[in-house]
Structures are given as C-alpha cells and as structure tokens.
Amino acid sequence: MTKKVYEFSEGNKDMRDLLGGKGANLSEMLNMGLRVPPGFTITTKTCIEFFELGGKFPEGLWEEVIEHVSKVEEKTGKKFGDSNNPLLFSVRSGAPVSMPGMMDTVLNLGMNDEVAKGFSKLTNERFVYDAYRRFITMFADVVMGAERKKFDEIYETEKKKDNAKTDPEVSTTALKKIVDSQKGLYKKEVGTDFPMDPYQQLKLAIAAVFNSWNTPRAITYRKIEGIPNEVGTACNIQTMVFGNLGQDSGSGVLFTRNPSNGEKTVIGELLFNAQGEDVVAGLRTPVSLTDLKNDYPKIYNELIENVEKLESHYKDLQDVEFTIEKGTLYLLQTRSGKRTARAAVKCAYDMVQEKLITEKEAVLRIEPRQIEFLLHKSIDPNSGKSPLTKGLPASPGAAIGQVVFVPKEAEEWKASGKKVILVRPETTPEDIAGMVAAEGVLTSRGGMTSHAAIVARGIGKPAIVGCEALHIDLEKEMFSVGDIVINKGDILAIDGLTAEVFVGEVPLIEPKISDEVEIILSWADKYRRLGVWANANDEADATKANLNGAQGIGLARTERMFLGVERVALVREMIMADTREDRQKALDKLLPLQKEDFKGLLRAMNQKPVQIRLLDPPLHEFMPREVDLVTEIFDMEKANEKQEEIEKKKTILNKVRRIQEANPMIGLRACRVGILYPEIYETQAKAIFEAASELKINGYDPKPEIMIPGTITYKELAYLKPYIIKAHKEITQKYGFEIPYKYGTMIEMPRAALTADEMAKECEFFSFGTNDLTQTGLGLSRDDAQGTFLPPYVEKKLLDDDPFQTLDKKGVGQLVKICVKLAKSANPNIKIGICGEHGGDPESIYFFHEAGLDYVSCSPFRIPVARLAAARIALIS
C-alpha cells in the first residue's frame with residue numbers, strides 16, 4: 001500500500017510535490033537542526049484520492065494517522081485527548097505551490113471540556129479558555145461551515161461587557177462564558193453538540209483541509225496563478241506551540257528582505273501574548289521586530305540567525321512564521337516570499353552580487369510577467385477605490401482622463417491640453433489618430449486580438465476591451481453600468497493590466513526601470529537562442545523597440561501607414577479607380593508618403609533587418625460602411641442637397657456593395673489583392689527601395705525585407721516575385737547602386753504550413769502570422785469567439801487557454817512544427833520567425849524555442865518580457 005503519511009523527519013525540501021510546500025519545508029528546517037514542533041504530513045496524492053472517492057478517506061489513511069499521532073506523543077511526552085498532559089494540534093493545508101491564505105487552518109485541535117480543566121492546572125485558566133474559544137470558532141467555521149461572524153459576535157459582546165479594550169484584557173470569567181455560549185450556538189447552527197472526541201475532531205479537520213482545495217477563493221487563485229487543479233493540497237498536523245501564554249510569548253511573521261522594494265533588511269511584525277491568527281487577521285496592531293530586540297535580545301538574535309540561515313540555504317527571500325512560547329523560539333513555516341516585481345528584480349540582482357546565486361539563476365528567478373509590471377504605469381492597489389467594472393486586459397498600463405466618444409474629439413481635446421479616455425463600442429482603422437491622442441482606450445466589444453487591442457499594444461496605450469457591462473449611447477454621448485451613468489467629460493481611470501475601470505481620479509504608480517532590470521536583461525541575452533524582434537508601424541515604434549533591445553522589425557504593417565483622413569482618401573481614390581491607369585495615379589500620390597514612412601522605420605533600425613508586409617487587409621476596410629452611406633444619402637436627399645454630390649455618394653455606395661464579402665477574412669485580401677492588382681505591391685516595393693536608397697546615400701545601412709501576406713501556394717510567391725524584382729531594378733537604375741533585400745512570406749494558412757517545402761524554395765524567410773493561423777487552424781473567428789463562447793470554453797476546460805493569447809500547441813503548434821521541419825529540409829538557410837500576438841506571450845515563446853524558430857516579434861513594449869522568456873526556456877531546455 002502506498003505510504004500516505006510522512007513524519008517531518010522523513011521529508012525534505014525536494015519532496016514538495018508530494019508533501020506540499022509547507023510540509024517539505026518543515027521537514028527541511030528540521031533537517032537543518034532548527035526548532036520545529038513535531039508533526040506529520042498527509043500527502044497531496046492522498047488529497048486527490050480523497051476527491052476521487054467522493055470525499056471519503058482512502059483505505060488505510062486513518063490507521064496511518066493514528067500511528068503518527070502516537071509517534072508525536074512519544075516525542076513530546078504528551079498525549080492526545082489526555083486531560084493531565086494534553087497534546088494539541090494545528091491542522092493546516094499546504095499545496096506544492098504557495099497559495100497564501102487561500103485554504104484552511106484549524107488551531108488548538110484536541111481541546112474539550114476535560115482537557116480544558118486539566119490543561120488549566122498545567123498553565124493558567126485564562127490562556128486555556130482563550131485557546132478553547134478560538135478552537136470552537138475555527139472548527140465551526142472551517143470544518144462545519146457555520147457563519148463565523150456569529151461566533152465572533154459572542155466574543156465581542158462579552159469583551160465589551162467585561163470592559164476589555166484589548167484581547168489580552170478579557171478576563172477568565174468572560175472567556176468561560178464565551179466558550180459556553182459558543183458551544184450553544186454551535187449546536188444551534190450545526191445541529192449537533194460540539195464534538196468532545198479529539199480523534200473525531202481530527203478526522204473532520206483533515207477532511208475540511210482537503211475540501212478547502214476546492215473553495216471558490218482557492219479555485220479563483222489557482223486560475224489567476226496558473227496552478228493546475230490536479231495537484232491537490234497536503235495536510236500538516238503539527239504540535240501546537242502557544243504564543244498566547246503571556247508576555248514572554250508571542251507570534252509573528254517576517255521577510256528576510258523587504259518584499260516591496262527588495263532591500264536587504266529583515267522586515268517583520270509580531271504580537272506578544274497572541275496566536276498566529278491574530279497577526280494575520282489584523283485585529284490588533286502588531287509591533288516591529290525592534291520591540292523584540294529591545295525586550296528579548298537573546299530570542300531576537302536567535303531568530304535573526306535562524307532566518308539568515310534559511311535564506312542562505314534556500315537562496316531566496318523567505319517568508320517565515322514563528323512562535324515564541326515562554327521564551328522558546330519555534331519556526332512554524334518558511335516559504336519563498338511573495339514580492340513585487342521591483343523587489344523580485346532587486347533581490348535577484350543583489351543575490352548575484354552576494355554570490356548567493358548565479359546569473360542564470362537570477363534570470364530564472366524572475367517571471368516574465370513581472371517585467372511587464374515594471375514597464376507601465378499602474379493604479380495604486382492601495383488607493384482604496386473599488387472598480388466600476390472589468391473587461392479584458394488588452395494593453396497594460398494605467399490612464400486617467402475625461403471621457404470622449406468621438407475619435408476626432410480626442411484629437412481636439414488633446415490639442416487643447418486635455419487628457420482623454422476614448423470610449424467606443426469598438427475601433428476601426430480610421431480611429432487611429434483618436435487612439436494616439438487618447439491616454440487610454442475602452443471598448444464594450446472585441447477581444448484580446450481585436451483592432452483596439454492590437455493597435456493599443458502596438459502604440460503602447462493602456463486599453464480594456466470587451467467590457468460588456470458598458471451600455472454605450474453614442475448619440476447621447478454617455479454610457480451606463482447598472483445604475484451608474486458616465487457622461488462625456490467625466491473623469492475615468494483604466495488599468496489595462498488588471499482590466500479594471502474606475503470612476504474619477506485614482507493615484508497612479510509610475511514605472512521605474514532600474515539599472516538592475518537592464519543588467520538582468522543583459523544576462524538574459526547571453527543565454528537565449530531566440531532572437532527578439534519588434535512589430536512596429538512607424539519611426540516612433542521602431543525607436544522604442546531599439547531602446548528596449550529589439551534586434552530587428554519582424555512586422556511593419558503598411559496598411560497602418562494608410563490611416564488618417566488624408567491617406568484614407570487617397571486609398572479610397574485607388575479603390576474607386578476602374579482602370580489600372582487611374583489606380584496608378586492614386587498610387588503615385590501615395591508613394592512619396594509611404595517612402596517617408598519606410599525611411600523612418602529603416603533609419604531607426606539602421607543595420608538591423610526590417611520586414612515590411614505589403615498590403616494585407618481587404619479593401620472594403622478602407623471604405624465607409626454601407627449603413628453609414630445609406631443614411632448619409634437619405635439625409636442629403638431629404639435636405640435637397642446638390643444632385644451631383646448625391647450621385648458621388650451613390651457611386652461610392654455601389655463600389656462598397658461590389659467589394660463587400662460574406663467572409664472577408666478569407667476573401668479578397670492579402671496577396672490575392674496583389675495578384676489582382678499587382679501595381680499596388682509594385683508601387684509599395686518601389687517606395688521601400690527608394691527609401692532605402694536615399695538612406696544609403698546619407699550613410700545609413702538599411703536592411704529591408706519584403707513580406708508577402710496570406711499565401712497558400714508557392715505559385716503566388718513565384719507570380720509576385722517578378723514585380724518586386726522589376727521595382728528593385730528600376731530603383732537600382734535610378735540611384736546607380738543596388739539595395740540588398742530579402743523576399744519572404746507570412747504563414748497564416750494551414751495549407752501554406754503543410755506545403756512549406758515548396759514555399760521555402762521561393763523564400764528567404766517565413767514569418768508565422770499566428771493570429772490568422774489560429775483562426776484558420778481552429779476555424780474560429782477571434783473577435784466573435786472572444787466575445788461569446790470562448791470564455792466559457794476556457795472556463796469549462798474545453799480549451800486549456802484562450803488560443804488567441806497563448807498558442808494552441810496541440811493544434812496550431814503542430815502546424816508550426818510541421819512547417820519548420822519541411823521548410824528547413826528544403827531550404828536549410830531559411831530564417832523562420834513569428835510576428836503574431838503570441839510573440840510576446842511567455843508560454844508561447846517557450847513553445848517557439850522548442851519548435852526551432854529563429855526569432856519572435858512582438859510589441860515594442862513587450863520586448864523585455866520576450867527577452868527574459870526566451871532566456872528562461874533556453875536555460876531549462
């Protein structure tokens with residue numbers, strides 16, 4: 001039969017998967033010779049068996065528990081349930097991954113009426129009945145599910161009658177009354193007498209600790225932290241030591257370094273004459289360790305010596321719980337302390353300088369998402385304000401401003417010195433100027449890869465999307481959430497990292513990128529294999545990317561350069577053209593504008609590759625919406641405006657109707673536009689080569705790479721290549737020298753991935769467009785899915801993650817692997833990267849490393865995250 005229970009002396013810190021973090025560390029502290037109250041641990045596997053059996057103890061468990069109780073009795077000289085020399089236990093949870101405060105604990109277990117009488121003779125009545133009333137309260141709440149508030153009310157009422165201002169002042173007489181009253185309430189609430197059998201108490205408490213694994217708060221915490229539901233919790237049964245035996249006793253918690261800023265200073269608090277729950281509950285104001293040092297210097301020195309030993313042993317900031325019983329120090333728990341992102345970086349850097357850990361260990365010590373916390377403003381979590389509502393965290397950072405609903409007004413208000421939050425049902429390409437002008441963006445529709453989300457991340461704007469609680473009325477320029485109405489001009493605050501929306505001003509925390517961050521990222525760069533590039537649409541993006549350590553541009557979206565009223569008008573002129581000649585005239589007007597855009601990108605990334613994707617979206621996206629045109633024509637006719645102007649609008653309407661598609665995502669878009677209208681791609685190529693040539697004349701070393709979007713066959717690449725070559729030759733003749741360039745494609749369709757050997761013979765690079773590859777691979781529309789059924793799919797574990805945020809490894813990931821293998825076999829020198837949203841997601845980056853990609857490309861603001869993630873996977877592979 002599998003062993004289900006381990007004495008503390010049988011374990012060690014490497015057994016945390018089996019014994020949980022708490023149990024493994026209690027064993028380790030005992031092995032180190034530190035003073036730990038005796039006890040034993042029921043394994044996490046037993047917890048899982050408990051659930052598999054429908055909440056019943058596995059065969060043999062209870063017998064092992066009784067056996068280990070006897071062993072503790074032998075070690076302590078006390079007896080469980082004996083009134084003359086009683087042994088009391090704490091029963092505590094302990095998952096393999098720290099989940100502070102999420103699961104349950106029962107203290108003083110084993111107390112009953114007879115034990116209380118006998119224990120009083122050994123200690124003092126006041127202490128005993130204080131422990132007894134605590135036990136009844138915790139047992140009723142944690143084990144039996146009674147409402148704790150009612151038990152606390154009995155205590156507070158008697159405390160007031162006793163004229164006691166603090167807990168230690170409550171008299172023995174009052175405490176006895178409290179115990180009697182709480183037992184009466186227990187019977188009323190639970191329906192049975194309070195159990196006097198210590199073994200019955202223990203059996204019920206163990207089951208309660210196991211069941212606390214599935215409380216709503218524990219489930220929510222695991223979801224947030226990405227902790228698997230299947231690991232279970234251990235249960236630790238440990239001899240009670242008492243911090244409430246008098247003023248020479250106490251309980252406390254400390255951190256071996258400051259968990260807020262990482263400074264090497266022991267930070268801690270304790271309460272004299274108190275149990276550990278008093279410190280955690282915050283019902284009494286604790287004192288600092290300085291008070292312990294002043295009153296009990298010997299105990300203080302022993303404590304500091306012990307925790308320094310623990311930090312040196314674990315090589316990490318430790319969170320330590322301790323109790324002092326009648327002048328004797330006991331350690332009850334140690335674990336790696338939760339810390340802020342700033343503290344994580346500071347601790348890792350300092351520990352390398354102290355030669356406690358290596359550079360590699362420092363890189364592994366920091367979670368990539370912690371770096372993201374350091375890159376953007378955030379709302380002060382201590383502001384005390386409650387959020388109005390929540391949406392999807394599209395782009396991190398916090399912003400405060402006045403609400404506007406019209407993008408043009410965002411520009412105007414910004415120009416007049418006002419800060420604004422742009423609120424829209426959704427955004428479109430024409431909203432770009434308003435988005436740039438706004439401090440942040442809030443939409444009621446859309447998902448994590450919607451237009452608003454992608455653009456906001458690209459331009460570094462805080463954004464919340466898919467905030468379905470918002471009921472927006474654009475005509476009245478207001479929105480409501482329940483009964484609360486927000487009008488144009490009202491102050492709103494958003495936090496794109498937490499996806500929380502606040503009414504009014506809230507304090508913000510400014511990002512502080514320290515020298516330590518830069519140094520740790522430089523260490524990361526030593527060990528990563530993957531290159532880290534950036535998605536950038538203009539010179540400002542590219543400059544930011546460079547500052548954050550980008551090694552190139554993996555995606556420059558040329559359609560983004562067409563945004564803005566003037567340029568959209570030129571694109572519409574091109575679309576409205578009925579002949580190639582007329583289209584070329586419009587393109588000739590766009591060419592110098594595009595050339596300047598390309599110059600900015602290539603200049604900012606001097607000597608680094610810049611992959612420029614030729615026009616990708618369907619043409620109708622640049623045109624007005626049919627419904628808007630119909631409404632406009634109706635209004636014009638009603639107002640008897642000039643027939644000539646009305647006919648112009650009708651011509652546009654007819655064109656819009658002709659180019660509308662049932663499914664534009666897989667319709668006339670991407671390279672298919674270039675094949676039907678090759679002059680578009682040829683003109684864009686000319687603009688790229690002209691920009692590079694002019695920069696070359698001025699001493700720069702531009703490295704353009706032309707990327708064809710949306711291909712499904714090598715024949716498309718072969719068909720379009722002569723137009724690029726023609727443009728290159730023409731510009732080479734014009735300037736008298738040749739600009740080297742690379743020719744490649746985006747892999748966005750399953751067929752392209754599955755025929756990569758053919759595609760690779762026409763290309764020098766591939767770039768996975770994983771946004772569209774996920775849509776086509778899974779058969780899901782990202783915006784429709786994220787706003788409707790996708791969250792329930794993730795919630796019900798039908799999908800492990802949102803596949804538009806973290807790559808679907810089993811499906812889309814297999815397409816990536818097949819593509820890489822085929823491409824490398826046909827063209828060993830081909831360069832393969834990824835430029836979808838997944839390029840900045842740490843979990844996806846880990847996969848791309850293993851799949852053999854050469855680089856990832858992400859938002860300029862996520863480059864530090866990607867650099868760290870790429871290093872971490874290289875170090876653990």
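**Terms and values in a predicted model**

Q: Which residues make the contact of helix 2 with helix 8?
A: Helix 2 contributes T46, C47, F50 and F51, while A207, F210 and N211 come from helix 8. By class, five of these residues are nonpolar, two are polar and none is charged.

Q: At what angle do helix 5 (residues 125-143) and helix 8 (residues 198-211) pack?
A: The angle is about 50°, and the axes are 10 Å apart.

Q: Which residues form the contact of helix 5 with helix 8, and how do they divide by class?
A: On helix 5 the contact is made by F135, F139, V142 and V143, and on helix 8 by Q201, L204, A205 and A208. Seven of these residues are nonpolar, one is polar and none is charged.

Q: How do you know whether Q607 is buried or exposed?
A: Exposed means over 50% relative accessible area. Q607 has 53%, so Q607 is exposed. Q607 is found in the loop between helix 22 (580-604) and strand 28 (609-613). Its phi is near 75°, a positive value in a residue other than glycine.

Q: Why does N640 count as exposed?
A: The relative accessibility of N640 is 69%, and the cut-off for exposed is over 50%; N640 therefore counts as exposed. N640 lies in the loop between helix 23 (626-638) and helix 24 (643-659). The phi of N640 is also positive, near 55°, again in a residue other than glycine.

Q: Why is E758 called partly exposed?
A: Buried means under 20% and exposed over 50%, with partly exposed in between. The relative accessible area of E758 is 36%, so E758 is partly exposed. E758 has its place in helix 29 (residues 756-760). E758 and L587 are 171 residues apart in sequence and 32 Å apart in space, C-alpha to C-alpha.

Q: What makes up the largest nonpolar core?
A: This core has 91 residues, and those with the most contacts inside it are I553, I708, F766, F768 and L853. Its largest share, nine residues, comes from helix 26 (residues 678-697). A second, separate core of 60 residues includes I42, F80, F139 and L202.

Q: With which residues is I553 in contact, leaving aside its neighbours within four places in sequence?
A: Among them are W533, A534, M605, P609 and V610.

Q: How many of the residues of the chain count as buried?
A: Of the 877 residues, 56% count as buried. The chain has 35 helices and 33 strands.

Technical notes
Residues numbered from 1 in each chain as written. Predicted model: local features only at pLDDT ≥ 70, side-chain atom pairs only at ≥ 80, totals over all residues. Heavy atoms only, no water. Axes fitted to C-alpha atoms, helices over the stretch in contact; angles between N-to-C directions. Helix = DSSP H or I, 4+ residues; strand = E, 2+ residues; numbered from the N terminus. Contact = heavy atoms within 4.5 Å. Nonpolar A, V, L, I, M, F, W, Y, C, P; charged D, E, K, R; others polar. Buried < 20%, exposed > 50% of the residue type's maximum accessible area, 1.4 Å probe, protein only. Core = buried A, V, L, I, M, F, W, Y, C linked by side-chain atoms within 4.5 Å.
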